[in-house]
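The following paragraphs lead the reader through one protein chain, from individual positions to the chain as a whole. Please keep the sequence and the coordinates at hand while reading.

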Amino acid sequence: MRAIIWSIRLLLFFLLFGFAIKNDHLATLNFYFGGQWQLPLVFVILLSFAAGALLGVTATLASLIRLRREISRLRRQLERAERDRSDSPAPAPAGDSRLSTS
């Protein structure tokens, strides 16, 4: 199994390496106020991918924090309910004739 995973990693590395070699042309990025930046195309693609991944992680971070807070609140509520249940006396059985009003 380990050999299969390493062969897949090696294949992926060579595919990405070949992609980088085929896209080594310079790309010009034009910024505001006449600024320019020339980079190989593969770096532009890599930077765009990294920026998108970072943006996606930060977009989900707020909901992740909110969900973790809700989970901890619900755990505390469950512990409190279990503690109250164990502290309270057991209820009378339902078939007790002393409580019926016949």
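Does N23 count as buried or exposed? The model is a predicted one, and in it N23 counts as buried because its relative accessibility is 17%, below the 20% limit that defines the buried class. N23 is placed in the loop between α1 and β1. Its C-alpha atom is 9.7 Å from that of I45, although the two residues are 22 positions apart in sequence.

L39, a residue of strand β2, also counts as buried, with a relative accessibility of 13%. L26 belongs to strand β1, which covers residues 26–30. For the protein chain as a whole, 6% of the 102 residues count as buried.

The order of the elements gives these positions their setting. The protein chain contains two helices and two strands, and from the N terminus on they follow the pattern α-β-β-α. Helix α1 spans residues 2–22, strand β2 spans 36–40, and helix α2 covers residues 41–87.

The loop between β1 and β2 holds F33. How large is the relative accessible area of F33? The value is 88%, so F33 is classed as exposed, the limit for that class being over 50%. Most residues other than glycine have a negative phi.

Which residues make the nonpolar one? L10, F13, F14, F17 and I21 form this patch, whose area is about 530 Å². One of them, F14, is found in helix α1. The positive patch is formed by R73, R76, R80 and R83. Of these, R80 is placed in helix α2. R80 counts as partly exposed because its relative accessibility is 44%, between the limits of 20% and 50%.

Over the entire protein chain, the accessible surface comes to about 9,800 Å². Carbon and sulfur atoms account for 67% of that surface.

Finally, the confidence of the prediction should be considered. The mean pLDDT of the protein chain is 85, and 86% of the residues reach 70 or more. Among the elements, α2 has the highest mean pLDDT, at 91, whereas strand β1 has the lowest, at 87. Where pLDDT is low, the predicted coordinates should not be read in detail.

How values were computed: Residues are numbered from 1 along each chain as its sequence is written. This is a predicted model: local features need pLDDT of at least 70, side-chain atom pairs count only at pLDDT 80 or more; totals for chains, interfaces and linings use all residues. Side-chain values use heavy atoms; hydrogens and water are left out. Patches are made of residues with over 30% relative accessible area and no salt bridge: like charges are joined within 9 Å, nonpolar side chains (Val, Leu, Ile, Met, Phe, Trp, Tyr) within 5 Å. Accessible areas come from the Shrake-Rupley method with a 1.4 Å probe; for residues, only the protein chains shown count as cover. A salt bridge is a side-chain nitrogen of Lys or Arg within 4 Å of a carboxyl oxygen of Asp or Glu. Lys and Arg count as positive and Asp and Glu as negative; His and the chain ends are not counted. The place of a charge is taken as NZ of Lys, CZ of Arg, CG of Asp or CD of Glu. Helices (H or I, at least four residues) and strands (E, at least two) are DSSP runs, numbered from the N terminus. Buried means under 20% relative accessible area, exposed over 50%, partly exposed in between (1.4 Å probe, protein chains only). pLDDT is the predictor's confidence in each residue, from 0 to 100.
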